[in-house]
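Thanks for coming. I will go through one structure and point at a few local features. Please have the sequence and the model open while I talk.

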Amino acid sequence: MLGGKTAGPSGPGTVVGANVKLVGTLQDASDITIHGRIEGEVISSQGITISETAYIKGPVSAEIVTIAGKVRGSITATGRMEIQPTGKIFGSITSKDLSIKSGAIFVGKCTMPEGEKEEEEEKLPEKEPQKQTTYEVE
Amino acid sequence: MYYYIMESPRAKIASRQEKIKDILGNLGIAGETVSPSAARTIEELTHLGIIKGYSTIVAVGPESLVNKVITVLATQKEAKDVVLGVVPDDFSSQIAQKIGAKDIYVACNALKNRKLETIDLCLLEPNKYFITEGTIETFFNQEIYFGIDNLKGKALTNKIIIKPGLEAFFYDKSLHGSPVASFWRWLFGKKQKDIYSSFFKTKRLRIESQNNLPLKVSGETIAKTPFTLHNRSRILKIIVARDRIKKES
C-alpha cells in the first residue's frame, strides 16, 4: 500500500501506466512496476521493475531492481540489480549482485558493499609487515 | 432481533418479497419489516432500527439500498455493534458475490447461521459509504488529476474502478490502439502487452478532472469530480454465507 504499509504484500502491487505522470514519493511494501514517468523517490520492500517506456527522476530503492527504462538518480538494491540492454542510468548505483547487459548505458559510480569489505580484508595483512620493518629500523 | 428494510413494494417485486418473508418465517428469523415511503427514507428507517436496538439490520433489495443502509451504520456511533445482513435482488451482483449468496435460500440461511466477517468500506467525503465498486467511465481518454497520500499525479484514462480497500484501477484506451491496429491484432490473434493500465492501493484518493465526471456506484451517480475517497478498513460486520469461496485478489 502507498504510504508505508508494514504488513506483507497483498494484491498485485503498484503499477504505474505509460500515460501516468507522478510527482512525490511512491512507496509500497509490494512490487512496483513503472511504465510511466515519476519525479520523486521510489521505494519498495520487494521489487521495482522500470520498463522501457519509464522515466524516473529521483532515487530508487528496493530489494530487487530491474531497469529497462531511464533513471536519473541513485539506485540502491539490497539484493539483485539488473540493467537491461535498453536501460539508461545517470547516477550512482549500490548493489550486492549486479548485472549489466550489453547495450545498457550507465554513467555514474558503482558501489558494491560486499566487494569493498573483501578488499579491505585483503589489504589488512599487507600493512602488518610494514610496521615490523619500521620497528627494525628503530 | 432482525430488522428488515425492503424496497418499496411494487407489483413486480411483491411476490418476491412475500417469498422472502415466507422463507424467513420458516427459518424462525422473521422480524420487523419496513419499507421506504414518501414519509420515511431508507436512511431514516435504518436510523430507527438502530434506535430500537436491533442487533441485525438486513437490507433486502438492490445494491443502492444496501449502500444507503451501510452509510447510516458506518456513521452512527450507536450502530457500532449492529450487524448487516443482505438479501440481494440480483444474485450475479457484486454484493451477492461478496456475501456468497447464490439464491434467496442461501441468503436467508446465511442470516440464520450468522457467520460474520468484518469488511472494508470506501468513504466518499463528507459522509457517504459504499461496499461495492465505484466507476468513472468516459468514451474517450480524459486527463485526470489525482492525489494518493503524498503523491500527485496526472493520468490519461477512460475508466477508473475503485474497490473497497481503496484499490484503484486506471484503464487507458491507448491499450486498444487505432481501429486498424486492433483489427490486425484480432486477425493474427496477437495480444498487446498492457503497459497503459495502472493500479494503486492507498488510504486516501482524490480525483479531479477538467469536466465534472460522475462516480457511479451500482449504476447510481453518487458524486462528481472533484471528490475525495478514504479507506475505512474493517469497519462493518456483515453476515456471509457459510460455504462461501473467497475470491483471490
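Predicted model: local features only at pLDDT ≥ 70, side-chain atom pairs only at ≥ 80, totals over all residues.

Residues are numbered from 1 along each chain as its sequence is written, chains are lettered from A and ligands numbered from 1 in the order in which they are written, and side-chain values use heavy atoms, with hydrogens and water left out.

I start with loops in chain B. Asp149(B) sits in the loop between strand S7 (134–148) and strand S8 (151–163). Asp149(B) is not a glycine, yet its phi is positive, at about 45°. Asp149(B) has a relative accessible area of 29%, so it is partly exposed.

Ser218(B) is another non-glycine residue with a positive phi, near 50°. Look for Ser218(B) in the loop between strand S12 (214–217) and S13 of chain B. Ser218(B) is partly exposed because its relative accessible area is 30%.

Next, cis peptide bonds. One joins Glu125(B) to Pro126(B), with omega at about 5°. Pro126(B) belongs to the loop between strand S5 (115–124) and strand S6 (128–130). Another runs from Thr225(B) to Pro226(B), with omega near 5°. Here the proline, Pro226(B), is in the loop between strand S13 (220–224) and strand S14 (227–240).

Back to strand S5, which contains Leu116(B). Which residues does Leu116(B) touch, leaving out those up to four places away in sequence? They are Val83(B), Lys237(B), Ile238(B) and Ile239(B), where contact means heavy atoms within 4.5 Å. Val83(B) is 33 residues from Leu116(B) along the chain, and their C-alpha atoms are separated by 8.1 Å. Leu116(B) has 38% relative accessibility, so it counts as partly exposed.

Now the helices. In helix H2 (residues 42–51) of chain B, the buried residues are Ile42(B), Leu45(B), Thr46(B), Gly49(B) and Ile50(B). Seen down the axis of H2(B), these residues fall within an arc of 145°, so they line one face of the helix. The arc is taken from the directions from the helix axis to the C-beta atoms. As background, an α-helix has 3.6 residues a turn, so residues three or four places apart point the same way. What does the buried set of H2(B) pack against? The partners are strand S1 (2–6), strand S2 (32–34), strand S3 (56–61) and helix H3 (63–75) of chain B. Just after H2(B) comes Gly53(B), with a positive phi of about 90°.

H3(B) is mostly covered, with ten of its 13 residues buried. Among them are Glu63(B), Asn67(B) and Thr71(B), along with Leu65(B) and Val66(B). From first C-alpha to last, H3(B) reaches 18 Å, close to the 18 Å expected at 1.5 Å a residue; the expected span is 1.5 Å times one less than the number of residues.

On to rings. Rings of Phe, Tyr and Trp (its six-membered ring) pair if their centres lie within 6.5 Å; planes under 30 degrees apart are stacked, over 60 edge-to-face, and the rest tilted. The whole structure has eight such aromatic pairs over all chains. One of them is Tyr2(B) with Tyr4(B), stacked at 6.0 Å centre to centre and 10° between the planes. Tyr2(B) is buried at 5% relative accessible area, and Tyr4(B) is buried at 1%. Phe139(B) and Phe140(B) form an edge-to-face pair, 4.9 Å centre to centre with 90° between the planes. Phe139(B) is exposed at 60%, and Phe140(B) is exposed at 57%. Phe146(B), Phe170(B) and Phe200(B) make up one aromatic cluster.

Notes. Helix = DSSP H or I, 4+ residues; strand = E, 2+ residues; numbered from the N terminus. Buried < 20%, exposed > 50% of the residue type's maximum accessible area, 1.4 Å probe, protein only.
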